[in-house]
Amino acid sequence: AGPGRGGASRGDITVTGAWVPEPARPDVGAAYMTIGNGGEEDDALVAASSTVSPETGIHTTETSQSGAQVMKEAGEVPVPAGGSARLEPGGYHLMLMGIPEAPTAGDTVGLSLEFAGGTEIEVEAPVLERGHGH
């Protein structure tokens with residue numbers, strides 16, 4: 001049946017549960033998903049782009065020594081062989097930057113994901129209301 005809404009799969013890589021919360025600030029958004037690797041080689045998400053923003057970055061949220069949540073750019077999201085990586089609030093996520101027109105709940109954001117192993121996946125991520133308890 002395939003991964004369904006918010007999902008896509010290509011080769012050993014499967015993306016599921018992709019979603020974008022309604023942006024809190026009009027020009028910046030985030031995207032979350034789970035990436036599975038069914039292969040025998042470790043892989044990594046190394047680049048991404050979206051249909052709503054000119055720039056899409058891979059970021060991670062770290063807790064600093066003072067206990068504050070700090071967002072840092074991450075070069076990649078490791079996806080271990082036979083395992084998965086979660087992009088979720090408080091962890092790895094895609095930052096959609098410089099959005100000219102903020103998407104609203106009910107819209108769909110197209111995401112294009114590039115992996116170290118050469119796989120490229122396109123996934124349609126639904127935009128959901130903030131606080132969606134996802």
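Is Lys-72 buried, partly exposed or exposed, and at what relative accessibility does Lys-72 count as such? At 40% relative accessibility, Lys-72 counts as partly exposed, where buried means under 20% relative accessible area, exposed means over 50% and partly exposed lies in between, with a 1.4 Å probe and protein chains only.

The structure is a predicted model, in which local features need pLDDT of at least 70 and side-chain atom pairs count only at pLDDT 80 or more, while totals for chains, interfaces and linings use all residues. Residues are numbered from 1 along each chain as its sequence is written, and side-chain values use heavy atoms, with hydrogens and water left out.

**View 1. The salt bridge of Lys-72 and Glu-62.** In this salt bridge (a side-chain nitrogen of Lys or Arg within 4 Å of a carboxyl oxygen of Asp or Glu), the closest N and O atoms are 3.5 Å apart. The pair links distant parts of the chain, since Lys-72 belongs to strand β6 (residues 69–73) and Glu-62 to strand β5 (residues 55–63), 10 residues apart. Strands (E, at least two residues) are DSSP runs, numbered from the N terminus. Glu-62 is partly exposed, with a relative accessible area of 35%.

**View 2. The salt bridge of Arg-86 and Glu-88.** The side chains of these residues meet at 2.9 Å, N to O. Arg-86 counts as exposed at 52% relative accessibility, whereas Glu-88 is partly exposed, with a relative accessible area of 31%.

**View 3. The aromatic pair of Trp-19 and Tyr-32.** A search of the whole structure finds one aromatic pair, and in this pair, Trp-19 and Tyr-32 are tilted, at 5.3 Å centre to centre and 45° between the planes. Rings of Phe, Tyr and Trp (its six-membered ring) pair if their centres lie within 6.5 Å, and planes under 30 degrees apart count as stacked, over 60 as edge-to-face and the rest as tilted. Both Trp-19 and Tyr-32 are buried.

**View 4. Leu-111 in the largest nonpolar core.** This core (a set of buried Ala, Val, Leu, Ile, Met, Phe, Trp, Tyr and Cys residues joined through side-chain atoms within 4.5 Å) has 28 residues, and Leu-111 is one of those with the most contacts inside it. The elements that give two or more residues to this core include β10 (108–115) and β11 (120–128). Leaving aside neighbours within four places in sequence, Leu-111 is in contact (heavy atoms within 4.5 Å) with residues including Met-33, Leu-94 and Val-123.

Key:
Helices (H or I, at least four residues) and strands (E, at least two) are DSSP runs, numbered from the N terminus.
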